[in-house]
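Work through the exercises below with the sequence and the model open. Each task is followed by a solution in steps.

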Amino acid sequence: MDGGSRGNPAAAAAAAGATDEAGNPLAERSRYLGETTNNVAEYQGVLLALEVARELGATEVEVINDSELVARQIGGQYRVKQEHLKPLYREVMDALRAFDRWQIRSVRREHNVRADELVNEELDARPRR
């Protein structure tokens with residue numbers, strides 16, 4: 001999953017892909033978010049990924065993103081200090097309760113290529129201001 005903006009804040013989008021345990025794609029989705037920050041877009045990407053996983057009937061989920069900050073906040077290693085991120089953090093934690101097991105980890109951007117492509121496709125589909 002990914003979230004991104006073309007400035008901070010600026011036009012932003014979130015994207016998520018779901019795969020089975022063998023890595024076969026099951027679903028992809030992206031969503032335009034309007035103008036927001038990159039960190040908000042990353043959190044929205046997590047929420048989108050969890051939405052897709054629920055719709056697929058998943059009972060366990062591994063969220064993989066390229067935001068170490070968001071992954072470590074959700075994983076409990078970092079505190080959420082920015083007030084505008086706290087409601088999103090709580091929403092993610094509530095959504096994770098729907099799963100029997102979950103984990104989150106961050107990877108380098110080059111290992112998150114498809115989600116990044118989906119974010120950019122969503123942003124490219126919007127007229128620039």
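The model is predicted, so local features need pLDDT of at least 70 and side-chain atom pairs count only at pLDDT 80 or more, while totals for chains, interfaces and linings use all residues. Residues are numbered from 1 along each chain as its sequence is written, and side-chain values use heavy atoms, with hydrogens and water left out.

**Exercise 1. Strand pairing**

Task: Determine in which sense β1 runs relative to β2, and in which sense β2 pairs with β3.

Solution. Helices (H or I, at least four residues) and strands (E, at least two) are DSSP runs, numbered from the N terminus. Two strands pair if DSSP finds at least two bridges between them.
- Step 1: β1 and β2 run antiparallel and are joined by 4 bridges. Opposite Asp2 stands Ala15 of β2.
- Step 2: β2 and β3 are also antiparallel, with 10 bridges. Here Ala15 has Ser30 of β3 as its bridge partner.
- Step 3: The hairpin of β1 and β2 has 4 residues between the strands, and Gly7 takes a positive phi near 150°. In the hairpin of β2 and β3 there are 5 residues between the strands, and Gly23 has a positive phi near 90°.

**Exercise 2. Surroundings of Thr36**

Task: Find what Thr36 touches beyond its neighbours within four places in sequence.

Solution. Contact means heavy atoms within 4.5 Å.
- Step 1: Thr36 lies in strand β3 and counts as buried because its relative accessibility is 16%.
- Step 2: Its contacts are Ser5, Pro9, Ala10, Ala12 and Ala41.
- Step 3: Pro9 belongs to the loop between β1 and β2. A cis peptide bond with omega of about 5° joins Asn8 to Pro9.

**Exercise 3. Helix α1**

Task: Check the span of α1 and find what its buried residues pack against.

Solution. 
- Step 1: The expected span is 1.5 Å times one less than the number of residues.
- Step 2: For the 18 residues of α1 (residues 38–55) this gives 26 Å, and the end C-alpha atoms are 26 Å apart, so the two agree.
- Step 3: Buried residues of α1 include Val40, Tyr43, Leu47 and Leu50. The buried residues pack against β1, β2, β3, β4, α2 and α3.
- Step 4: Just after α1, Gly57 has a positive phi of about 80°.

**Exercise 4. Arg79**

Task: Place Arg79 in the chain and classify its accessibility.

Solution. 
- Step 1: Arg79 is in the loop between α2 (68–75) and α3 (86–96).
- Step 2: Arg79 is exposed because its relative accessibility is 64%.
- Step 3: Its C-alpha atom is 9.6 Å from that of Leu69, 10 residues apart along the chain.

**Exercise 5. The largest pocket**

Task: State how many residues line the largest pocket, and which lie nearest its centre.

Solution. On a 1 Å grid over the protein atoms alone, a pocket is an open set of points where a 1.4 Å probe fits, with protein on both sides within 12 Å along at least five of seven lines; lining residues have an atom within 4 Å of a point.
- Step 1: The lining has 32 residues, and Gly17, Ala18, Thr19, Glu62 and Ile64 lie nearest the centre.
- Step 2: β4 supplies the largest share of the lining, 5 residues.

Terms used:
Buried means under 20% relative accessible area, exposed over 50%, partly exposed in between (1.4 Å probe, protein chains only).
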